[in-house]
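The following note sets out numbered comments for a colleague who wishes to examine the model residue by residue. Please read the points alongside the sequence and the coordinates.

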Amino acid sequence: MANSVTCELSQTTPPPCPREPDFITQITEAELTDPQNKHWGRAVLTNSRPLQAAVHMQSNDYLAIAGDARISSAKANALCRMGHGDAISRVFSHAKEDAHRLFEYKIASLTQAEDAVLVMSGYTANTGLVQAFSTPETPIYIDIMAHASLWEGILCARAKPRPFRHNDVDDLRRKIKRYGPGLVIVDSLYSTNGNMCPLADLVDAAEDGGCAIVVDETHSFGCHGPRGGGMAVALGLADRIHFRTVGLSKAVAARGGVVLGSARNMEYFRYEARPMIFSTSVLGYEVAGFNAALNIIGAEDWRRSRLHANHRYLRTGLLALGYDVTESDSQIISIITGTLENTVAFRTFLDRRGVLGSVFCPPATPQNRMLLRLTVNASLKAHELAQVLEVCAEARDTLDMKDWPTLL
């Protein structure tokens, strides 16, 4: 008979919080702003209850590879062969031929970079990069909608941000002229509203001002460019951008991050970025999964084609219904609901009809600029997208949206 293990809950374990079926409709502004209440309010607002026939529009698995047997088999085989690998800092382990280093060569080739460094997450890729290559005296020009991890990197460097208006190249040029050469930081595809930056113009502005440039390619890697190499590759700018970062939690459907740049800068990064030095590396079996994912991403262009076709279908349909989703250039579509009251009403309406999106509320958005994000992926079927449009049409006709920023 197989051994069985039973676990007893500690006597100090609190009972689960009671949850009424309609509790979401009772959230108050205080529960999002009062320090004593806001986390409970946000937890309820941002979590959906899965329905059996729900259309899930929350996953960042853009290319629908998370359940691919080729990836799970590669990870399982590596785990059985060598265990989970050494749980140590990469400072002590980056030989030329170890599995981590071979993956770095592989993703550098795919993205047309000279070298790459594998780190623990996209967040630490960004914080570590900005911290390693900035000083408190470095002017840092950052798009106001750049990812929170890039702003965190500025804090880690104790530098002063010089934010410029979203995707406004003229404002960037004015700032550089005023404060001098420094570091320009942008996302190639923004995770909140799904629009792309004018990357070629931004690179020109950075070069003209004597600045280095950092581009977060987390949401464009795998989904754009030849073999999924990202926007810098798609636009022929890879050799003009000093640093790129990639979070492996999106198209690669895993955890981990990558910093891309010159061989000299990447060697410096390995010994200067604090997250690189003071955190445990991703594990060996995970790297085996990364390699299998890169093989799929590079070879199966149909996944990108289907992803973009699904995005076009949904965006076109929402625009026809009068929803203002004009900013969405790629797989992220955000419907700006505005206030807490609007957001609760809209999210509840969609949830109860089997359409699950992701609510973004402060601090991810400004006050009274809350939104519900629909994330498209390659696995969505035509009837599922049609269901989303049908429910959104019903919401438009049922909810009082006249004062919302939602409609055109």
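**Notes on the predicted model**

1. Threonine 138 is found in the loop between H5 and S3; helices (H or I, at least four residues) and strands (E, at least two) are DSSP runs, numbered from the N terminus. This is a predicted model, in which local features need pLDDT of at least 70 and side-chain atom pairs count only at pLDDT 80 or more, while totals for chains, interfaces and linings use all residues. Residues are numbered from 1 along each chain as its sequence is written, and side-chain values use heavy atoms, with hydrogens and water left out.

2. Threonine 138 counts as buried because its relative accessibility is 17%, where buried means under 20% relative accessible area, exposed over 50% and partly exposed in between (1.4 Å probe, protein chains only). A polar atom of the threonine 138 side chain lies 2.9 Å from the backbone nitrogen of threonine 135. Beyond residues up to four places away in sequence, threonine 138 touches Ala159, Lys160, Gly182 and Leu183; contact means heavy atoms within 4.5 Å.

3. Leu183, one of those partners, belongs to a covered face of S4. Strand S4 (residues 183-187) has five of its five residues buried. In a regular strand the side chains alternate between the two faces of the sheet. On one side of S4 are Leu183, Ile185 and Asp187, on the other Val184 and Val186, and all are buried.

4. S4 has parallel pairings with two strands: with S3 (residues 140-142) over three bridges, and with S5 (residues 212-216) over five bridges. Two strands pair if DSSP finds at least two bridges between them. Isoleucine 142 stands opposite isoleucine 185 in S4, and leucine 183 stands opposite alanine 212 in S5.

5. How is the protein made up as a whole? Its secondary structure comes to 15 helices and 11 strands. Of the 408 residues, 54% are buried. Among contacts between residues at least 6 apart in sequence, 73% join residues at least 24 apart.

6. Valine 355 lies in strand S9 (residues 355-356) and counts as buried because its relative accessibility is 1%. Its contacts, leaving aside neighbours within four places in sequence, are Val55, Leu350, Leu374, Gln387, Val388 and Val391.

7. Asparagine 342 is placed in helix H14 (residues 340-352) and is buried, with a relative accessible area of 11%. Which residues does asparagine 342 touch, not counting residues up to four places away in sequence? They are Thr337 and Trp404. The side chains of asparagine 342 and tryptophan 404 are joined by a polar contact of 2.9 Å, that is, a pair of N or O atoms within 3.5 Å; within protein, one must be able to donate a hydrogen and the other to accept it, and residues adjacent in sequence count only if both atoms are side-chain atoms. Asparagine 342 and methionine 370 are 28 residues apart in sequence and 8.8 Å apart in space, C-alpha to C-alpha.

8. The largest pocket has a volume of about 810 Å³. On a 1 Å grid over the protein atoms alone, a pocket is an open set of points where a 1.4 Å probe fits, with protein on both sides within 12 Å along at least five of seven lines; lining residues have an atom within 4 Å of a point. Grid points are joined across faces, edges and corners, and the volume is the space filled by probe spheres set on the points.

9. The largest pocket is lined by 37 residues, and Met145, Ser191, Thr192, Asn193 and Ala364 lie nearest its centre. Two or more lining residues come from each of helix H5 (122-132), helix H6 (148-157), strand S8 (332-338) and strand S11 (370-375). H5 gives the most, with three residues.

10. Most residues other than glycine have a negative phi, and most peptide bonds are trans. The peptide bond from proline 362 to proline 363 is cis, with omega near 15°. Arginine 158, in the loop between H6 and helix H7 (169-179), has a positive phi near 55° and is exposed, with a relative accessible area of 68%.
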